[in-house]
Amino acid sequence: MQNEYNTRTLAKMAFIILCTGAIVIYAYYQMRDFLNGPSITITEPTNGLTTHEETISVSGIAERISSITFNDRKIYTDEHGAFMEKVALFPGYNEIKVSVRDRFNRDKTALLEVVYK
């Protein structure tokens with residue numbers, strides 16, 4: 001009789017622990033966008049590039065965003081978050097700004113410095 005009672009208690013505790021674990025995992029899954037925030041990675045060109053080209057292509061990947069701007073101009077990404085924009089360079093030092101915002105109004109900015117000779 002005592003053995004049956006211990007088995008039932010152990011089974012109930014295991015069930016409660018499994019349910020609690022499932023709830024915690026589901027809550028993290030639903031909050032991952034809020035916890036991670038927006039991210040932006042410029043893949044091309046490298047920061048500090050010196051070029052003789054009048055125009056360059058800037059490309060990268062933005063994740064967990066609701067909007068993206070390129071030098072304060074709204075642009076769009078593909079379904080994977082990739083973007084590519086061409087920019088005309090002025091002679092000398094150029095600073096290119098890519099900003100993203102997520103649905104919780106958190107911002108992140110990436111600055112790219114390019115020298116055109």
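The following is a working chat about a predicted model of one protein chain.

Colleague: Before we start, what kind of model is this, and how are residues numbered?

Modeller: This is a predicted model, in which local features need pLDDT of at least 70 and side-chain atom pairs count only at pLDDT 80 or more, while totals for chains, interfaces and linings use all residues. Residues are numbered from 1 along each chain as its sequence is written, and side-chain values use heavy atoms, with hydrogens and water left out.

Colleague: How many helices and strands does the chain have?

Modeller: There are 1 helix and 8 strands. These elements are DSSP runs numbered from the N terminus, with helices being H or I of at least four residues and strands being E of at least two. Starting at the N terminus, the order is α-β-β-β-β-β-β-β-β.

Colleague: What is the radius of gyration of the chain, against that of a compact globule?

Modeller: The chain has 25 Å, whereas a compact globule of 117 residues would have a value near 13 Å. The radius is taken over C-alpha atoms, and the globule rule is 2.2 Å times the number of residues to the power 0.38. The C-alpha trace spans about 90 × 25 × 20 Å along its principal axes.

Colleague: And what share of the residues is buried?

Modeller: Buried residues account for 25% of the 117 in the chain. Buried means under 20% relative accessible area, exposed means over 50%, and partly exposed lies in between, using a 1.4 Å probe and protein chains only.

Colleague: Turning to the sheet, which strands form it, and in what order?

Modeller: An open sheet is built from 3 strands in the order β1-β3-β6, with antiparallel pairing. Because β1 (39-44) and β6 (82-88) stand at the edges with a single partner strand each, one side of each has no neighbour in the sheet. The twist averages 30° from one strand to the next; axes are lines fitted to C-alpha atoms, for helices over the stretch in contact, and angles run from 0 to 180 degrees between N-to-C directions.

Colleague: How many salt bridges does the whole structure hold?

Modeller: A search finds 5 salt bridges. Among them is E63 with R64, whose closest N and O atoms are 3.9 Å apart. E63 is partly exposed at 39%, and R64 is partly exposed at 32%. Another is R101 with D107, at 2.6 Å between the closest N and O atoms; R101 is partly exposed at 35%.

Colleague: Where does R101 sit in the strand pairing?

Modeller: R101 is in β7, as the bridge partner of S67. Strand β4 (residues 67-70) and strand β7 (residues 92-101) run antiparallel and are joined by 4 bridges. On to strand β8 (residues 107-116), 10 bridges join β7 to that strand, again antiparallel. K97 stands opposite L111 in β8.

Colleague: What lies between β7 and β8?

Modeller: The two strands form a hairpin with 5 residues between them, and N105 in the turn has a positive phi of about 60°. F104 is also in that loop, and F104 is partly exposed at 35% relative accessibility.

Colleague: Which residues form the nonpolar surface patch?

Modeller: Y28, M31, F34, L35 and F104 form the patch, with about 490 Å² of accessible area together. Patches are made of residues with over 30% relative accessible area and no salt bridge, like charges being joined within 9 Å and nonpolar side chains (Val, Leu, Ile, Met, Phe, Trp, Tyr) within 5 Å. Accessible areas come from the Shrake-Rupley method with a 1.4 Å probe, and for residues only the protein chains shown count as cover.

Conventions: Two strands pair if DSSP finds at least two bridges between them. A salt bridge is a side-chain nitrogen of Lys or Arg within 4 Å of a carboxyl oxygen of Asp or Glu.
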